[in-house]
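Me: Please go through the structure below with me, one feature at a time.

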Amino acid sequence: MKFQMLGLDLALAVGTFAAPAFAASYNTLTGEKPLVVAHRGASGYLPEETLGSYELSMQMGADLIEPDLQLTRDGHLVAMHDSTLTRTTNVEDLFATRNGNYYVKDFTLAEIKSLTVQPTGALSRPDSTYPGFTPSMADPYKVPTFAEVLDLLSAYNDANGTRIGIYPESKAPHDAAKNALIVQTLKDKGFSDAEDRVILQTFSKESVADLADLIAGHDVSAEIAQLGAVRVQDGLFGVRGSDGFSSLSQIAAVATGVGVSASGITREFIAEAHALGLKVHAYTFRPLSQEEAIAMITPFLDWGLDGFFTDYTDFGRTAVDSHDLAPVPLPAGMPLLLAGLGGFAWLRRRKAAA
């Protein structure tokens, strides 16, 4: 028989012995395991923001996948980080420039679907393959719509019994129509409950407020993160996004967390954010080995980081799963209760599937 206490599995042990005065927990805001966010999928290995890349990242143990969202000329949401198509696709081989460039907003969905996304990650292969991985879809490296990403996620979770979430970014600048379509698409695809693990993010503080209103109006349960860089202004910690600075207390009034550049994060910043009920997620870790990942990410986990974005889901997963839990005092009476039940043994945490 097992008991779920303090977020950890406890099992009755044979015999009776004195219970410890401390349990084990993470230093995160909730005490739960830090989240590994697949940054544009497994973008270090396969073409970013594609169904194949997202699928590999899920197999590697991502807690959430992250699509960046742009609007096409005919009003469709597509997964694309840049405002232009040049860095990641073969658009220059197929089309002439429009308005002097290759902006996503100047191309229709049908035109964008004719493109192929090319690998750009440090450990990617020129032929867009990864050892031992075969994508389940026919065209894994085309530009997907947001709806297609959600369909893939639903199908994967249903087939594997997982609860992988989604962390879509409404790209700055603020666009009310885009925000409305993001929230409506989530609702249409059944991503409206807390168990669906949706976190919306944007660098625009205007969009943060807009998204908060939209999810309330559409009865969609989602967290919201203000993106930007850590700043101190007038003695207050805050975040500078695409349209100015907001203090942590201002952010806490409309959002549930912040997503900030790892280079500016300190123990004090995380503590202040946690004191205001805000989660802290860091971007973007790009370690090129398991050893480098552990060395790079562990100090942030010690400080209580709630999650992080990485191009290498497998390395990020290793860093979290190898991290030692912090001791925290047990509630009064808990040791006696457990001892009275016959004692207990801490179970080793199960390593997430790679």
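Me: Where is the place of Thr284?
Reply: This is a predicted model, in which local features need pLDDT of at least 70, side-chain atom pairs count only at pLDDT 80 or more, and totals for chains, interfaces and linings use all residues. Residues are numbered from 1 along each chain as its sequence is written, and side-chain values use heavy atoms, with hydrogens and water left out. Helices (H or I, at least four residues) and strands (E, at least two) are DSSP runs numbered from the N terminus. On that basis, the place of Thr284 is in strand β15.

Me: In which loop is Pro173 found?
Reply: The peptide bond from Ala172 to Pro173 is cis, with omega near 5°. Pro173 itself is found in the loop between β9 (169-170) and α5 (176-188).

Me: How many charged residues are in the lining of the second largest pocket?
Reply: A pocket is an open set of points on a 1 Å grid over the protein atoms alone, with protein on both sides within 12 Å along at least five of seven lines, and lining residues have an atom within 4 Å of a point. Among the residues lining the second largest pocket are Ala172, Pro173, Lys105, Lys171, Asp175 and Lys178. Ala, Val, Leu, Ile, Met, Phe, Trp, Tyr, Cys and Pro count as nonpolar, Asp, Glu, Lys and Arg as charged, and the others, Gly among them, as polar. By class, this lining has 5 nonpolar and 3 polar residues, and the number of charged residues is 4.

Me: What is the volume of the largest cavity?
Reply: A cavity is a set of grid points where a 1.4 Å probe fits but cannot get out, and a volume is the space filled by probe spheres set on the points, which are joined across faces, edges and corners. A search of the whole structure finds 3 cavities of 30 Å³ or more. The largest cavity has a volume of about 40 Å³.

Me: Which elements give two or more residues to the lining of the largest cavity?
Reply: The lining includes Glu223, Ile224, Gly257, Val258, Lys279 and Val280. By class, it has 6 nonpolar, 3 polar and 2 charged residues. The elements that give two or more residues are β11 (223-233), β14 (257-261) and β15 (279-285).

Me: Is α1 roughly parallel or roughly antiparallel to α4?
Reply: The axes, which are lines fitted to C-alpha atoms over the stretch in contact, form angles from 0 to 180 degrees between N-to-C directions. Those of α1 (residues 51-59) and α4 (residues 146-160) come within 10 Å and cross at roughly 30°. Angles under 35 degrees count as roughly parallel, over 145 as roughly antiparallel, 65 to 115 as roughly perpendicular and the rest as oblique. The crossing angle therefore makes α1, relative to α4, roughly parallel.

Me: Which residues of α6 make the contact with α5?
Reply: α5 and α6 (residues 205-217) pack at an angle of about 40°, with their axes 10 Å apart, and α5 and α6 are therefore oblique to each other. Contact means heavy atoms within 4.5 Å. On the α5 side the contact is made by Ala176, Asn179, Ala180 and Val183, and on the α6 side by Ser207, Asp210, Leu211, Leu214 and Ile215.
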